[in-house]
Amino acid sequence: MTDICCFNVGGHKYDASRSLLKQHPNTMLARISLEQWQKDPKAEKFIDQYGDRFQYCLDYLRFGLVSLPATVAKKGVLQDPAYYGVDDVDEGSIDD
């Protein structure tokens, strides 16, 4: 199995290590990256969601906090973790 999982989120391409996703096994991202769920584990996984905000979800998974630029609304970013199955997000860990 490849060490990198490729996501296409609303037309935006992102790569994440499988080791990162394995640290969050209950998320939708970890589940769809499992080899057993795919015919081709190297294939892109398409997610019909706001692609420009996905990077902040990955940052949260990586670091446990996110620093948003002034052009990105915190309210929108806070909706994304729930969609991806990331539980118990501390609102204070997303700095706007």
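## Strands and asparagine 8

A strand here is a DSSP run of E that covers at least two residues, numbered from the N terminus. Asparagine 8 sits in one of these, strand β1. Keep in mind that this is a predicted model.

So is asparagine 8 buried or exposed? Its relative accessible area is 12%, and the cut-off for buried is under 20%, so asparagine 8 counts as buried. Its side chain has a partner, too: there's a polar contact with the side chain of glutamate 44, at 3.4 Å. Leaving aside residues up to four places away in sequence, asparagine 8 touches Lys13, Glu44, Lys45, Phe46 and Ile47.

## The nonpolar core

The largest nonpolar core is made of 24 residues, and Phe7, Val9, Leu29, Ile47, Phe54, Leu68 and Tyr84 have the most contacts inside it. At least two core residues come from each of β1 (4-9), β2 (12-17), α1 (18-22), α2 (28-33) and α3 (51-63). With six residues, α3 gives the most.

Take a look at leucine 29: once residues up to four places away in sequence are set aside, it touches Phe7, Leu21, Ile47, Phe54, Leu61 and Tyr84.

## Helix α3

Which residues of α3 are buried? They are Gly51, Arg53, Phe54, Tyr56, Cys57, Leu58, Tyr60 and Leu61. These pack against β1, β2, α1, α2, β4 (66-67) and α4 (74-83).

The length of α3 checks out as well: 13 residues at 1.5 Å a residue should span 18 Å, and the end C-alpha atoms are 19 Å apart, which agrees. Just past α3, glycine 64 adopts a positive phi of about 80°.

Definitions and conventions: Residues are numbered from 1 along each chain as its sequence is written. This is a predicted model: local features need pLDDT of at least 70, side-chain atom pairs count only at pLDDT 80 or more; totals for chains, interfaces and linings use all residues. Side-chain values use heavy atoms; hydrogens and water are left out. A nonpolar core is a set of buried Ala, Val, Leu, Ile, Met, Phe, Trp, Tyr and Cys residues joined through side-chain atoms within 4.5 Å. Buried means under 20% relative accessible area, exposed over 50%, partly exposed in between (1.4 Å probe, protein chains only). Helices (H or I, at least four residues) and strands (E, at least two) are DSSP runs, numbered from the N terminus. Contact means heavy atoms within 4.5 Å. The expected span of a helix is 1.5 Å times one less than its number of residues. A polar contact is a pair of N or O atoms within 3.5 Å; within protein, one must be able to donate a hydrogen and the other to accept it, and residues adjacent in sequence count only if both atoms are side-chain atoms.
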